[in-house]
Amino acid sequence: MKNKETILVVEDEGYITRVLNTVLSASGYKVITAATGAGANALMSSRLPDLVLLDLGLPDIDGIEVLKKLREWSGIPVLVVSARGMEKDKISALDYGADDYITKPFSAPELLARIRAVLRRNGKGKSADDVYSVGAFAIDFTKRQVTVDEEPIHLTQVEYRIVELLARQPGCVLTYDSIISQIWGPYAISDNTMILRVNMSNIRHKLEKNNMAPQYILTEIGIGYRMAETEEERQ
Amino acid sequence: MKNADRQRQLKNLRRFALTLAGTVLIAWLLLLVVKNESVCFLVVLLLLTLNVPYFTSRCWQLGTAFFCALFTWLLCRVVLLSSSSLNTISLLVLLGSTCGIAWITGLMTQRIQDQKNRTMAQCSRTEMLNRINNRLLTERGMSALHTLLLSCVYEVCSRPSVLFETKGEEMQLSCKLPQGLLTYPSEHQAASEAFKGACPTGVGTGLCQYTAFRYFPLITHEKVFAVLGVMFDTEKPVDQELIKTLEQIAVRAAVTIERQRLADEQQQIMMETEAERIRSNFLRAISHDLRTPLTGIIGACSALNGREVQLSETARQDLIRDISEEASWLLRMVENLLSVTRVGRDAPKLKKSLEPVEEVVAEALDKSRKRFPNIVFHVNLPEEFLMVPMDPTLIVQVLTNLIENAAKYSGNNSVIDLLVADHRDAVAFSVRDHGKGLSKSDLSTLFTPSAAKNGDSGHGLGLGLSICRSVIRVHGGEITGENCQDGGAVFTFVLPKEETDEK
């Protein structure tokens, strides 16, 4: 029998902790819980969980602070839980090294899928494969070639670099700021995301069958973009 | 000016000629009748005394007196032909006395004239102050009042001026005339000295030397409301009359500004009361809306929990599905309410970012497709790439709210059109259904927050739409709802392409 993965749930509301505990235990994870930031800090270093489910609204310390402190010594994957409308918090959590976020309230299947995706990605690290494909879309990193339905797509230099950046970390949300600083350099004016948005619009026109329902590069509204994950990986 | 001067001189000349002619005539008649030069001299003196004050200058007065006396004396000599009594001494005496009288009466009239001029100046000043006072009193609004005060100062003395306002313990520049006037930090300091000391500072007061202005605190009830600064020429001596006038203006301005403050406060209180009333109405409406699904959920739960009710498996499934549906409706409701707190009066200013229209519409569509899998969406977007400043989550919410409404009105298996049109300085988003359309009573109260207006037990639509309107208004846009000519309702909202301030 395979070892159970440990998940640390940092959540101050007892009811939600109970529900999460039930759902996660039923899905075969070992669950430990902390209701405060201080408790979370202690448990993270003593129990070394495989994943931290971190609520940003904690009674004692700001969730972001917990995340920063954790990232000082460890790369334990962190899935941030936050309410809708807290886009700014989500962005800063992602920029401080959170692996993904999930918006409250969420359904159990959604949560489990995100947990699996984060764990799998973390086990593998950054994709070093030569090719990444999802659905009809494929990108060959060595040939610097993007194809849809095996038809080569002509992308400009910048467009290709954006697609490559996203495809190197499929499933990860990249914030607008982080994409801009990685493509246009750290001194680009990140207040103005216009240049990125225009490029993304062009990329989608070239890649997607229906612009109104993108399949490959997904929008996280108000936060950033995410490359879709392959079906096989989702299993 | 020159013309008036010449006219005055002409008048003097005429009067001189008349006086001279009159004196000579009367003296001659008297000499013929009385044959006594003393009586003649006296009468001439009297005549002069009466006439001299009407000359406007000292020269004319003395000249007239001199010539009248000379001619009378000559006349006496000619008529009486006696040189015994009309010798040089009598001439000198006559000349001396007439000139003396002319001098004295001239002085007196001068004094009276001065007095008159002063009184007139005072009158016109009072009149001007009254006029200013009236204008200040009829002006509405604090900033308009400030501007008016400065323009009044400009009319009075044609000098640039500034007005500092007190905000708590701080002074801040409220307005200045002319608009582009540059003020140095030292001015600010001098103004705050005037505020702290409640006394004039700046030019001519010996306080705060390094300033080009003189500052007048506007004081009522021993409290400084504002400080008026008027530019003075530091090279020239200060015009005390002007200072007095400006002080008078300052007193009047202080009264009007205080009055305006009180009126503003009154207004504020009234608005708060009104807001309180709206809030309680709103809460009532929400409570009603929230209670309905909660009752359903609790009922279903008790049925599922209860041992005495025997439920079939399908019935159990139905109940669980109902609970989940009602709960997610409740959640959407609460999220709507949260949005209201984000766009309400006391909310921090909305942080807008430039967002591509296509991404926002795609997001709203994605959410709506999940909720209404059977509805067919027709989407029509402009070809070119459009970006609009907005809070994307709020606009997505507005779109999903409108789509939810459309779905409710047109049934679950229908077509909903989503249309985005690019106007010159704005972008219009339309959501159109092909249902039965809106009734007349609906049309009139579409966006007012009365949740249960339909009277049905279903979920009211008023709240959702009123929230949509708040969100759109905060974006500086407008939302409308109407019936289409060929059936169905269409809701359209317009977002400006340029950043605008909240309405």
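## Close-up views

**Helix 3 and helix 4 of chain B pass each other in a right-handed crossing.** Everything shown comes from a predicted model, in which local features need pLDDT of at least 70, side-chain atom pairs count only at pLDDT 80 or more, and totals for chains, interfaces and linings use all residues. Residues are numbered from 1 along each chain as its sequence is written, while chains are lettered from A and ligands numbered from 1 in the order in which they are written. Helices (H or I, at least four residues) and strands (E, at least two) are DSSP runs, counted from the N terminus. A crossing is right-handed if the near helix is turned clockwise from the far one by less than a right angle, and left-handed if anticlockwise. Helix 4 covers residues 88–138 of chain B, and its axis lies 9 Å from that of helix 3 of chain B, at an angle of about 155°. Axes here are lines fitted to C-alpha atoms, for helices over the stretch in contact, with angles running from 0 to 180 degrees between N-to-C directions.

**Helix 3 of chain B, residues 58–80, has the length you'd expect.** Look for its buried residues, among them Trp60(B), Gln61(B), Thr64(B), Trp73(B) and Leu75(B). Buried means that 20 or more other C-beta atoms, placed from the backbone, lie within 10 Å of a residue's own; 12 or fewer is exposed, and in between is partly exposed.

**Helix 2 of chain B also packs against helix 3 of chain B.** Helix 2 of chain B runs over residues 37–51, and the two axes come within 11 Å, crossing at roughly 160°. Helix 2 and helix 3 of chain B are therefore roughly antiparallel, and this crossing is right-handed too. Glu37(B), Cys40(B), Phe41(B), Val44(B) and Leu48(B) of helix 2 meet partners in helix 3 including Ala65(B), Cys68(B) and Leu80(B). Contact means C-beta atoms, placed from the backbone, within 7 Å. Sorted by class, this contact between helix 2 and helix 3 of chain B has 8 nonpolar, 1 polar and 1 charged residues (Ala, Val, Leu, Ile, Met, Phe, Trp, Tyr, Cys and Pro are nonpolar, Asp, Glu, Lys and Arg charged, the others, Gly among them, polar).

**Chain B touches chain A through 21 residues of chain B and 16 of chain A.** On the side of chain B, helix 9 (357–371) and helix 10 (392–410) are among the elements giving two or more residues. Helix 9 of chain B gives the most, with 8 residues. By class, this side of chain B has 13 nonpolar, 2 polar and 6 charged residues.

**Leu48(A) and Ala198(B) each have a positive phi without being glycine.** Most residues other than glycine have a negative phi. Phi is about 45° for Leu48(A), which sits in the loop between helix 2 (37–47) and strand 3 (51–55) of chain A. Leu48(A) is exposed, with 11 other C-beta atoms within 10 Å. Ala198(B) has a phi near 55° and lies in the loop between helix 6 (185–197) and strand 3 (201–202) of chain B. With 13 C-beta neighbours inside 10 Å, Ala198(B) is partly exposed.

Terms used. The expected span of a helix is 1.5 Å times one less than its number of residues. Angles under 35 degrees count as roughly parallel, over 145 as roughly antiparallel, 65 to 115 as roughly perpendicular and the rest as oblique. Two residues are in contact if their C-beta atoms, placed from the backbone, lie within 7 Å.
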